Amino acid sequence: STSSALASIKHCVRFTQLAFSSTGDSFVAGDQQGNIFIFYLSRNTFTLLTKTGSPCTALAFNLCRKNEVLVASGDCSLRCYDSERKELVSLMKDHESSICSISIHASGRHALTTANEIAQIWDLDTFTKKKTLNGAQTVGIQQVFFLPLSNTIISSFKDDSIFAWDFESLVCKYQLPVPEGPAPHYRAFATPRDGRLLAAGGRSHFLHIWTLESKTLLRIIDLPTKVRMVKQLEFLADSFDGGSSQTVGILSQDGIIRFVNIHTCKLVFEVGSHEKRIISFSLSPNGSDMACIMDSGCINIYSVPALTSHLKQ
């Protein structure tokens with residue numbers, strides 16, 4: 001049972017990763033011992049999916065077969081599980097270092113996994129490796145992911161260069177201009193659900209926003225000086241702005257998520273504090289819920305409408 005599964009963990013085991021389903025009514029979370037849980041928000045219940053025995057390093061739901069969950073572990077493997085049957089569907093191994101991110105193509109038929117210096121494209125129908133993106137060993141990959149609703153791959157390298165590639169041919173489509181001045185040292189990226197914008201942040205208090213239709217820098221947002229590093233970015237599909245994703249959540253080194261309007265550059269609201277630091281977060285696709293891994297290793301779940309209720313008054 002679920003209670004006995006948790007009771008068997010006698011000491012504090014920290015959650016390391018989480019990811020929402022495409023419907024937003026559930027999320028998957030993994031801990032440092034490889035225990036993988038599914039949390040059902042509408043039912044206020046959770047269940048143990050599996051025990052991999054290796055720390056969880058990345059998670060993602062399949063966008064097509066919505067009952068399938070991809071789990072990356074510290075043993076460099078990628079596993080696919082059926083969340084309803086609680087069965088292992090496939091084990092995929094080709095990376096030589098731990099996978100740090102999983103991106104799913106809009107069709108749900110392909111996954112893009114990123115490790116230290118290499119990215120792999122997997123066919124999720126046959127669970128076989130389709131392509132390897134390894135042209136950056138000398139520079140190093142920072143992040144690689146699919147743009148929503150498109151056949152485009154965005155890749156960022158450790159020299160701060162950002163390229164867009166055609167998924168099928170892997171031909172470079174364009175390179176984004178990086179502003180002059182001190183190196184931004186990008187480490188976090190986000191795009192809204194329509195894929196028209198790209199936000200990037202790194203080891204500074206500046207946030208860069210590009211419009212991908214014109215491939216130009218739209219805006220540089222000057223964050224509070226207390227922000228020294230942007231650790232994670234995610235656009236909020238916010239009901240209070242008509243669903244146009246004008247607001248981006250910015251997690252910085254101080255453990256606080258600041259939600260900023262990308263057009264007015266003003267702070268909308270914030271979550272977290274120096275006493276209750278946030279390590280990572282995930283927003284539900286409809287923007288109604290936010291799950292955060294806290295500094296203590298536990299997960300806090302927030303209602304976004306409750307956090308933004310003062311904006312409607």
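**The interface of domain 1 and domain 2**

Student: How many salt bridges does the rule find across the interface of domain 1 and domain 2?

Tutor: This is a predicted model. A salt bridge requires a side-chain nitrogen of Lys or Arg within 4 Å of a carboxyl oxygen of Asp or Glu. Across the interface of domain 1 and domain 2, the number that the rule finds is 0.

Student: How many residue pairs in polar contact does the rule find across this interface?

Tutor: Polar contacts are judged by pairs of N or O atoms within 3.5 Å. With both residues at pLDDT 80 or more, the number of such residue pairs between domain 1 and domain 2 is 3.

Student: Which element gives the most to the side of domain 1 that touches domain 2?

Tutor: Two elements give two or more residues to that side: strand E2 (26-31) and strand E1 (15-20). With 6 residues, the one that gives the most is E1.

Student: How do the residues of that side divide into nonpolar, polar and charged?

Tutor: In total, 13 residues of domain 1 are in contact with 16 residues of domain 2. On the side of domain 1, the division is 7 nonpolar, 5 polar and 1 charged.

Student: Which three residues supply more than any other three of the area that domain 1 buries against domain 2?

Tutor: The two domains bury about 990 Å² between them, 69% of it on carbon and sulfur atoms. Of the area that domain 1 buries, 54% is supplied by Arg14, Leu18 and Phe20.

Technical notes. Residues are numbered from 1 along each chain as its sequence is written. This is a predicted model: local features need pLDDT of at least 70, side-chain atom pairs count only at pLDDT 80 or more; totals for chains, interfaces and linings use all residues. Side-chain values use heavy atoms; hydrogens and water are left out. Contact means heavy atoms within 4.5 Å. Buried area is the accessible area (1.4 Å probe) that two parts lose on being put together, summed over both. A polar contact is a pair of N or O atoms within 3.5 Å; within protein, one must be able to donate a hydrogen and the other to accept it, and residues adjacent in sequence count only if both atoms are side-chain atoms. Helices (H or I, at least four residues) and strands (E, at least two) are DSSP runs, numbered from the N terminus. Ala, Val, Leu, Ile, Met, Phe, Trp, Tyr, Cys and Pro count as nonpolar, Asp, Glu, Lys and Arg as charged, and the others, Gly among them, as polar.
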